[in-house]
Amino acid sequence: MNPSMNGGFCKNEESEQEKSDTAPAATGKISIRFLGTGDNFGSGGRLQACIHMDTGKSRCLIDCGASSLIAMKREGIGSAAIDAILISHLHGDHFGGIPFFILDAQLISRRETPLVIAGPPGLIQRVQEAMEVFYPGSSRIERNFSINFIEMAEGENARIGDMSVFPVRVIHGSGAPPYALRIECGGKIIAYSGDTEWTEDLRTVAEGADLFICESYYFEKQIKNHLSYRTLMAHRAELGCKRLIITHLGEDILGRLGQVELEVAEDGMELIL
Ligand SMILES: [Zn+2]
Ligand SMILES: [Zn+2]
């Protein structure tokens, strides 16, 4: 059983939800739409980390940076249509959109179905603190929907709706364990590095993945906590993924995209697996 905790400020209990299936359901395909592909500083005008995944049976966000609600509305994705939010690590450009999402779900889209928010240990406290800093009292008010928080343990599969999520510990100081995520659904594997410097564990993350979405903050500069394109390319042959797309792009690599030989994510870009 997954370690599952309900925040003290939320009603609880997950339940099976009715979904209106869209195109991917009919085809058995998974839709991946990049909502935010930038770094924490909005380099290149790109929005912060957020990926929308539609399995046909459920819809989730992979990371929810502070700008995610803006990105969702640009793409016509309502907060009520999201079943789960999966968080790689507790930095604002990866989970800072959650307070806005929850308030929108309550006040604007008037959500009534349960929401799952899964992430590393410390998730519940950090979300509660963020809500109280941004909108005092907002974490304690009664809502018309429940939130089931899941603090995922590293190296243990978490069952979330129709997805199996496997968190792998990476190297990225964020005040809580940082994860890369391997998401299995419908026979497909979507892997995501989150933010991390190079670690051999990324080979585990990418192995056999239909898609590996990997951060590439710099072009060649090596810094702690993040990957560069050069480092990623030096290890490319070790990554057993079928497809690799880079994201979380900073100013430095954005100025050198002409030299990049990998697929590069763009805000609003959609692909079908
Ligand atoms: Zn980070
Ligand atoms: Zn980041």
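Helices here are DSSP runs of H or I with at least four residues, strands are E runs of at least two, and both are numbered from the N terminus. By that count, the chain has eight helices and 14 strands. This is a predicted model, in which local features need pLDDT of at least 70 and side-chain atom pairs count only at pLDDT 80 or more, while totals for chains, interfaces and linings use all residues. Residues are numbered from 1 along each chain as its sequence is written, with chains lettered from A and ligands numbered from 1 in the order in which they are written.

**Overall shape**

- The C-alpha trace of the chain spans about 50 × 40 × 35 Å along its principal axes.
- Of the 273 residues in the chain, 47% are buried. Buried means that 20 or more other C-beta atoms lie within 10 Å of the residue's own; 12 or fewer makes it exposed, anything in between is partly exposed, and the C-beta atoms are placed from the backbone.
- Take the contacts with a separation of 6 or more: 65% of them are between residues 24 or more positions apart. Two residues are in contact if their C-beta atoms, placed from the backbone, lie within 7 Å.

**The sheet that holds β1 to β6 and β14**

- Strands of a sheet pair through backbone hydrogen bonds, either parallel or antiparallel. For two strands to pair here, DSSP has to find at least two bridges between them.
- This open sheet has seven strands in the order β6-β5-β4-β3-β2-β1-β14, and the pairing is mixed. Its edge strands are β6 (147-151) and β14 (270-272), each of which pairs on one side only.
- From one strand to the next, the twist averages 20 degrees.
- Strands β4 (residues 84-86) and β5 (residues 115-119) run parallel and are joined by three bridges. Ala84 has Val116 in β5 as its bridge partner.
- Helix α5 (residues 123-134) packs on the sheet and touches β5 and β6, with its direction about 130 degrees from that of β6. Axes are lines fitted to C-alpha atoms (for helices, over the stretch in contact), and angles run from 0 to 180 degrees between N-to-C directions.

**A closer look at β6**

- β5 and β6 also run parallel, joined by five bridges, and Leu115 stands opposite Ile147 in β6.
- Together, β5, α5 and β6 make a right-handed β-α-β unit. Right-handed means that, with the strands pointing away from the viewer, the path from the first strand over the helix to the second runs clockwise.
- Five of the five residues of β6 are buried, so this strand is largely enclosed by the rest of the structure.
- Ile147, Phe149 and Glu151 point one way from β6, while Asn148 and Ile150 point the other way.

**The sheet that holds β7 to β13**

- This is an open sheet of seven strands with mixed pairing, in the order β7-β8-β9-β10-β11-β12-β13.
- β7 (158-160) and β13 (263-264) are at its edges with a single partner strand each, so one side of each has no neighbour in the sheet.
- β7 pairs with β8 (residues 163-169) in the antiparallel sense over three bridges, and Ala158 stands opposite Val165 in β8.

**Core packing**

- The largest nonpolar core has 76 residues, and those with the most contacts inside it are Ile85, Ala118, Val165 and Ala191. Such a core is a set of buried Ala, Val, Leu, Ile, Met, Phe, Trp, Tyr and Cys residues joined through C-beta atoms within 7 Å.
- Leaving aside residues up to four places away in sequence, Ile85 touches Cys60, Leu61, Cys64, Ile98 and Ile117.
- Helix α4 (residues 98-107) has Ile98, Pro99, Phe100, Phe101, Ile102 and Ala105 as its buried residues. They pack against β3, α2 (68-74), β4, α3 (92-95), β5 and α5.

**Loop residues to look up**

- Arg110 lies in the loop between α4 and β5. Its phi is near 50 degrees, a positive value in a residue other than glycine, and Arg110 is exposed, with 12 other C-beta atoms within 10 Å.
- His248 is in the loop between β12 (244-247) and α8 (251-254). Phi of His248 is positive too, near 55 degrees, but His248 counts as buried, with 29 C-beta neighbours inside 10 Å.
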